[in-house]
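Welcome! Let us take a friendly walk through this structure, one topic at a time. Please have a look at it first.

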Amino acid sequence: MLTSKIKHSKVVWPDRVHYKINYSDEMVDIVHQLLIKDKNKRLGATNGVSEILAHPWFSDMEVEALLSYNVTPPFMP
């Protein structure tokens with residue numbers, strides 16, 4: 001049953017207004033692209049992680065600093 005849902009179900013997002021959730025269109029897009037069922041069409045299938053990091057969701061991040069672990073986390077538990 002769970003395997004069938006993973007293979008066939010669509011991603012359902014909670015209503016942004018009703019639940020007062022603030023997620024960007026870029027975040028929704030990257031999640032959808034990473035969850036494409038056909039692995040040959042999925043984001044990253046062509047050029048790996050560089051294709052994923054080129055997505056607009058990462059546009060305001062310093063990718064090189066992130067990859068070299070030179071980023072201060074926004075929150076320390």
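To talk about aromatic pairs we need a rule: rings of Phe, Tyr and Trp (its six-membered ring) pair if their centres lie within 6.5 Å, and planes under 30 degrees apart count as stacked, over 60 as edge-to-face and the rest as tilted. With that rule, a search of the whole structure turns up one aromatic pair. Its partners are Trp-57 and Phe-58, whose ring centres are 5.0 Å apart and whose planes stand at 80 degrees, so the pair is edge-to-face.

A word on what you are looking at. This is a predicted model, in which local features need pLDDT of at least 70 and side-chain atom pairs count only at pLDDT 80 or more, while totals for chains, interfaces and linings use all residues. Residues are numbered from 1 along each chain as its sequence is written, and side-chain values use heavy atoms, with hydrogens and water left out.

How much cover do the two ring residues have? Buried means under 20% relative accessible area, exposed over 50%, and partly exposed in between (1.4 Å probe, protein chains only). Phe-58 has 12% relative accessibility and therefore counts as buried, whereas Trp-57, at 32%, counts as partly exposed.

Leaving aside residues up to four places away in sequence, Leu-53 touches Phe-58, Val-63 and Leu-67; contact here means heavy atoms within 4.5 Å.

Now step back to the whole chain. Its secondary structure comes to four helices and zero strands, counted as DSSP runs numbered from the N terminus (helices are H or I, at least four residues; strands are E, at least two). The radius of gyration is 16 Å, well over the 11 Å that the globule rule gives for 77 residues, so the chain is more spread out than a compact globule. That radius is taken over C-alpha atoms, and the rule is 2.2 Å times the number of residues to the power 0.38. Of the 77 residues, 14% count as buried.

Our last stop is Tyr-69, in the segment after helix 4 (63–67). Most residues other than glycine have a negative phi. Tyr-69, however, has a positive phi, near 60 degrees, and is exposed, with a relative accessible area of 77%.
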